[in-house]
Amino acid sequence: MAKSVSCLYQNDEQLIEYIEKNELRHSSNVLVQVFSGSPEKQRISEVQNNLKRYLPNATVIGCTTAGEIFEGEVHDFQIVLSFTTFEQVELQSVLLHLDLFEDNSYLMGKSITTRITSPETKAIILFPTSFDVNVQELLQGLHEECPNVVLAGGIAGDNGEFEEAFVFTGDEMTSKGIVAVSLQGKDLVIENFTNFEWQEIGQSFQVTKSKGTTILEIDNKRPIHILRKFLGDTFIDGLPQSGVEFPFILEDNGSRVSVFITKLHKNGAIDVNRKVVEGKKLTFAYANMGEIINNSLTQLKRLAKKTPETIFVYNCMARKRFMSHFTGEEMKMLNTISPISGFFSYGEIFYKKGLTPQIIGHSLSYLAISETGVSKEMNINHFEYTYPVQLQTMITLTHLMQESQNEIRNLNDNILTSEQYYRSLFDNNTDFVYSTDLNGRFTSVNLAFENTFGYSRDEILGKPALRYINEDDILRVKSHFTRTLKGKEQHYNLEIPSKDGNIQLFQMKNIPITINDEVVGIYGIGRNITEQKKIEERIFQLAYFDQDTGLPNRLKLTEILEEMLYRAKKKKRMLAVLSLDLDRFKIINDSLGHYAGDSILRDIVDRLKSSLPSGSYLGRFGGDKFTLILTKEIQMESVMKMVETVQAEISKPIFYLNQEFFISASIGVSLFPNDGLDEHALLKNADIAMNRSKNQGGNRFTFFSTEMNEQAMNRLELESYLRKALVKNEFFLCYQPLVDLDSGRLYGSEALIRWNHPKLGLVSPADFIPLAEETGLIQEIGSWVLYTACKQNKKWQEKGLKDLSVSVNVSAEQFQKPDFLYDVKNALAESGLEPKCLTLELTESIMLRNIENSINTMKALQEIGVKVSIDDFGTGYSSLSYLRNLPINKLKIDRSFIHNLRNESSDIAIVKAIITMGYGLDIEVVAEGVETKEQIQLLKDMKCHYAQGFYIHKPLRVEQFEQGFYNQK
């Protein structure tokens, strides 16, 4: 037989006296439930220690509460000890900490079953904490393992403070976990009951933004705005205690469960007692007190006939708050059936066989236990209740609210009938249909939408529609959405991926939803045109593209050329057309067959496509004839370079069936606007030029213009000579003297490269330096200039000019080389020249190309003693904003400012400003291009440091330079 007794704990003396009086020490199987209205850990620890001392073999579980039940009476801030002795029932308890399960409440629920259950387990009593534990997930995990075990209990409270609650055994305590005890025995009889009646009221709301148990937005608004509008400031001021009186009802997997507010954040968000996902519907609810009372009285009479031996009660703090009179009477009546013990909780466990357990509120739940199963006679007529006046008023108000809600439902039914006509069009449409709100979030989707994309309504409602399209289409779809909100119907095509990643093409229509002449959202309708588009593309492919290579055919490429010409004329740009014909390709077709010829052609096409720059269009005009259109940066040099690339790609060996083949091409080039103003003229002239190449033996290219062709040949010839000039020692250096304007003495020189070709004679640097930069030869040439200049300057120092310095120009390609600093150090080491005697001249464009890297390199040069100078200052991006941050020693005023330097010229102000700036930044200033005595005098008057130019001396060969400084000595 199960027998329960209870006491109000005071101290250890009172406890030992109570234990002795009730002979609890002699019981081998005792369940002690501790219900503490005191949340003080020290006080709870005192109870734990005393129970361990006086009842060391007892099974102890307990929690802090929001009210205690003792001998049928309701108490607050007391500690109630309930002792239940069993004859046959076995008890097993456990305390689990949530953090040991990585905050996974579901796993913690599963763990309970492995620790304290067996095949004979009939019931489990659970006391969880709710602030961190997701009790609903915990119940799900536990129920999956033990679907036939009765679950009972309630969530620990803290007297309505909603800050921190504790659960404990005789040894442990936690504020973030659960304590549980299992009851097992073959003769154990369990009766459980949960009494709750909710009445929904008002409209439903949609959770539009949430995270775990925090609701951030309801109907796209902060929850506080919804609460203030419907429940008022008094309700808000009373949170979280008032939250138990008017909870939300949540529709979740076919069940209706209560959701209580546990915390109001400063930003207007709320925490609730269970996880709520976005898209779910919430409705305000109130307790139907009349139904609750009637159900309770009926259940009391039913339970009295079964006469259990003991009853464990887990009641809701909300019932104690707003149904205090009935709650007290209910506990007294229940206590007349059997001794009761229990507490008021923050949520009660609802268990019914065949259903998933739920954590609910505003409920009374109990676990009635018997070991003998013997019933006794009992008078059930005394289970009556007389409503007090205050409660009668509340029940009347409840009835009024219920009838009002019924009237609203009737109105809604009429609306639903009308809506069904609309739903038939919406749901039965074979095209997918959806609607969104003004923020583009889904508010409805039809069945065709779900079938097309694989998303259920619950997955997608409340989510932004833009989340489900490709990122590249977002701006375009936003634009159509904005126009629709302005009342304009929109039509467009859109590729949309389904849930499994399959991408289909849809013809879209957006229609504004207008209510009272105001747009409140949009309807979207999508028709799948994927197969239709494939057929159209196949027809287009056959009409406009070569089937063997996939390249545009003559018709398509002519259209492309026409479009490119229109753009070129509009922007006044050049355009090039190349006609390509493979030389003697007929031999391959005749010897290997056309299948092999087509395979080789595809190989050549793949090579060409991989080497073409952007803005290029390659087409096949049939057989072995191709046409190439070039549209970007068309200059003679770039076109020739592209022609060379094409010829090089075609001439690479081709392997087919273990045979090696070599192919060449004849190419003709026509240029817009020189060689034609329309597509037909340009194609014709490119063909003429190609035929000239073929007639001259093939494997060559020809420009349609004789003049341009000659120019191209000259450039090719010059490039060929340039590649050999360094090896043949055709370069030499001249040195232009630099003088100190204050003393008039020679202080250094600028090394200038010259090229003396045996056939062409002296070639201007203006002709070969750009070519050297384009071909990459400038790096090798620049290294030679640097080494030669350093070596020569060292020789002159050894001949008597000890302080003589030399300036060397550095190209962009040379300066940006990763090993440029190494080249400088090597040149200094091999020549023996001191770093301070070397000045490297850089243009502003070089330094600003990669400013961070440039500054690092310049600093490194200065650290070894080399000086850095800005060349051609004033012609680039000159400004103090960057100049003051550059590590430089000198700047050279560009000759364009010195050329017109006279007393009455405006250039004098510019030059003076540059010199003044140089003094301000502690930078030496050099004037280049000095040609008159007047310019020298003006520069002296402005205190310019140094000068060079034809007035001082033109660039000199080594022998002439030496003669000059001997004369100076």
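1. Ground rules. Since the model is predicted, local features need pLDDT of at least 70 and side-chain atom pairs count only at pLDDT 80 or more, while totals for chains, interfaces and linings use all residues. Residues are numbered from 1 along each chain as its sequence is written, and side-chain values use heavy atoms, with hydrogens and water left out.

2. A cis proline. Have a look at the peptide bond from phenylalanine 672 to proline 673: it is cis, with omega near 10°. Proline 673 belongs to the loop between strand 36 (665-672) and helix 18 (679-695). Helices (H or I, at least four residues) and strands (E, at least two) are DSSP runs here, numbered from the N terminus.

3. Positive phi values. Asparagine 729 is a residue other than glycine with a positive phi, near 55°. You'll find asparagine 729 in the loop between helix 19 (706-725) and strand 38 (731-740), and it counts as exposed at 65% relative accessibility. Aspartate 922 also has a positive phi, near 60°, and sits in the loop between helix 28 (907-920) and strand 45 (924-927). Aspartate 922 is exposed too, with a relative accessible area of 71%. For the cut-offs, buried means under 20% relative accessible area, exposed over 50%, and partly exposed in between (1.4 Å probe, protein chains only).

4. An exposed isoleucine. Isoleucine 587 is part of helix 15 (residues 586-592), yet its relative accessible area is 54%, which makes it exposed. From C-alpha to C-alpha, isoleucine 587 is 9.5 Å from glycine 597, and the two are ten residues apart in sequence.

5. Aromatic pairs. The whole structure has 33 of them. One is tyrosine 455 with tyrosine 468: the ring centres are 5.1 Å apart and the planes are at 75°, so this pair is edge-to-face. Tyrosine 455 is in the loop between helix 10 (447-453) and helix 11 (457-460), and tyrosine 468 in the loop between helix 11 and helix 12 (474-485), so the pair ties together parts 13 residues apart in sequence. Both tyrosines are buried. Rings of Phe, Tyr and Trp (its six-membered ring) pair if their centres lie within 6.5 Å; planes under 30 degrees apart are stacked, over 60 edge-to-face, and the rest tilted.

6. Charges over rings. The charged end of arginine 957 sits over the ring of phenylalanine 732, 4.0 Å from its centre. Lysine 320 lies over the face of phenylalanine 344, 5.7 Å from the ring centre. The criterion is NZ of Lys or CZ of Arg within 6 Å of the ring centre and within 35 degrees of the ring normal.
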